[in-house]
Amino acid sequence: AWAQDNQKQRAVLAIEVLGAMGTDLALSLVGRMSRSSLRQYMKDRATELLAEIASNRGLSSDELEDRTAPDLGLDAEGTLLLDFGPRAFRVGFDEHLSPFVQTSEGERLEAFPRPNKNDDAAKAKAASETWKLLKSEAEKVSRDQVARLERMMADERRVEADVFVHSFVHHPLIGHLTKRLVWGAFDSKGALLKTFRVSEDKSLATVEDDTYALPSDAEVGLIHPYTLRTESGLTARWGQVLADYAVMQPFGQLSRPTETFAPDAVGARYANKKAPTSLLYTLRAHGWRADTGEYGETEGFTREVSGYRYQLQLRQPMAQGEPSKLHDVSLTASHDADATKPSAVQLAELVHQLDRVIVA
């Protein structure tokens with residue numbers, strides 16, 4: 001609100017206060033501003049601050065996010081007890097980290113239960129307040145956490161085995177997403193060792209449903225279908241396993257494009273195309289930076305992939321608060337002479353992100 005009211009110093013100070021707090025939730029909010037703020041100076045300061053904090057802790061910005069994902073006060077099993085006295089209910093989460101209430105037998109309720117005459121009024125009121133706060137906090141962090149894992153797959157980012165177990169499998173909140181995705185174990189040279197999923201009891205299981213022991217020196221990352229293109233039918237088999245267990249994914253992991261694209265030729269795919277305002281802004285959740293003009297108008301979006309710079313340019317800038325409309329867009333690619341080419345997965349994901357936004 002301060003940023004929108006042109007109170008720049010207060011807005012920047014607010015970001016620095018959150019950084020000084022250093023809690024998981026505070027840092028996740030700073031992370032959100034670094035990706036999604038409409039003011040470039042706020043994005044820049046949030047990005048700088050996260051880099052400073054990560055450096056002080058000996059981590060990269062991504063590693064800091066892994067370790068500071070908020071847990072919303074959930075217990076070790078990723079749930080929360082809502083005590084009504086003689087009755088008790090538990091909180092569960094769907095594939096988008098939206099919370100819901102279930103009975104002690106595990107039956108999902110359509111709405112928060114109303115107290116009855118046999119309930120403890122004080123406990124029921126406290127449970128209701130807890131539920132309202134949880135819903136509010138979950139709404140703030142859920143979209144960011146789903147987008148973070150999608151970026152992890154798109155960037156082919158991997159983590160050490162012990163970090164995966166601690167910060168993904170056993171994390172009270174992120175664990176709900178971890179169980180809905182297909183993971184891969186890789187050796188030190190990047191070769192795929194095994195694909196697996198995380199079962200309800202937090203054990204690891206292969207596509208054959210055998211228990212998998214994760215090597216302590218392995219690195220773990222989210223599997224992209226392009227990685228499995230030489231493994232006959234493996235992507236389809238994983239799709240069947242998830243269907244058999246009625247597992248809904250937070251994003252379409254197994255339906256990603258596996259086409260091969262040339263880094264410099266992607267721009268031609270989007271010549272003479274249009275995109276609506278509302279969809280263009282969703283690019284920020286996938287690592288695209290909004291390019292803003294002198295008066296805060298959005299002139300385009302930029303994404304850097306392994307030294308290549310992709311710029312989605314708008315013929316006419318988008319003014320803040322203007323009604324949604326179709327914009328003429330074009331995509332250009334540039335890179336330094338010594339830039340490393342993006343991987344096939346990174347390019348496939350770049351195209352996937354743009355294809356969801358550019359509609360005509």
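**Strand pairing and a charged patch**

Me: Which residue in strand 8 is the bridge partner of Trp183?
Reply: That's Leu222, in strand 8. Keep in mind that this is a predicted model.

Me: OK, and how many bridges join strand 5 to strand 8?
Reply: Four, linking residues 183-186 of strand 5 with residues 219-222 of strand 8. The two strands run antiparallel.

Me: What's the strand order in the sheet of five?
Reply: It goes 4-8-5-6-7, as an open sheet with antiparallel pairing.

Me: Why is one side of strand 4 and of strand 7 left without a neighbour there?
Reply: Because strand 4 and strand 7 (204-205) stand at the edges, and each has a single partner strand.

Me: Switching to the sheet of three strands: what order do they take?
Reply: 1-2-3, open again, and the pairing is antiparallel. Strand 1 (81-83) and strand 3 (99-103) are the edge strands, each pairing on one side only.

Me: How much are neighbouring strands turned against each other in this sheet?
Reply: By 35 degrees on average, with direction ignored.

Me: And how many bridges join strand 2 to strand 3?
Reply: Five, with strand 2 covering residues 88-93 and the two running antiparallel. As an example, Phe89 has Thr103 in strand 3 as its bridge partner.

Me: New topic, charges. Which residues gather in the patch of negative charge?
Reply: Glu63, Glu160, Asp162 and Glu219, on the surface.

Me: Where does Glu160 sit, in terms of strands?
Reply: In strand 4, which spans residues 159-160. That's one of the edge strands of the sheet of five. Glu219, also in the patch, falls in strand 8, residues 219-222.

Conventions: Residues are numbered from 1 along each chain as its sequence is written. This is a predicted model: local features need pLDDT of at least 70, side-chain atom pairs count only at pLDDT 80 or more; totals for chains, interfaces and linings use all residues. Side-chain values use heavy atoms; hydrogens and water are left out. Patches are made of residues with over 30% relative accessible area and no salt bridge: like charges are joined within 9 Å, nonpolar side chains (Val, Leu, Ile, Met, Phe, Trp, Tyr) within 5 Å. Accessible areas come from the Shrake-Rupley method with a 1.4 Å probe; for residues, only the protein chains shown count as cover. A salt bridge is a side-chain nitrogen of Lys or Arg within 4 Å of a carboxyl oxygen of Asp or Glu. Lys and Arg count as positive and Asp and Glu as negative; His and the chain ends are not counted. The place of a charge is taken as NZ of Lys, CZ of Arg, CG of Asp or CD of Glu. Two strands pair if DSSP finds at least two bridges between them. Axes are lines fitted to C-alpha atoms, for helices over the stretch in contact, and angles run from 0 to 180 degrees between N-to-C directions.
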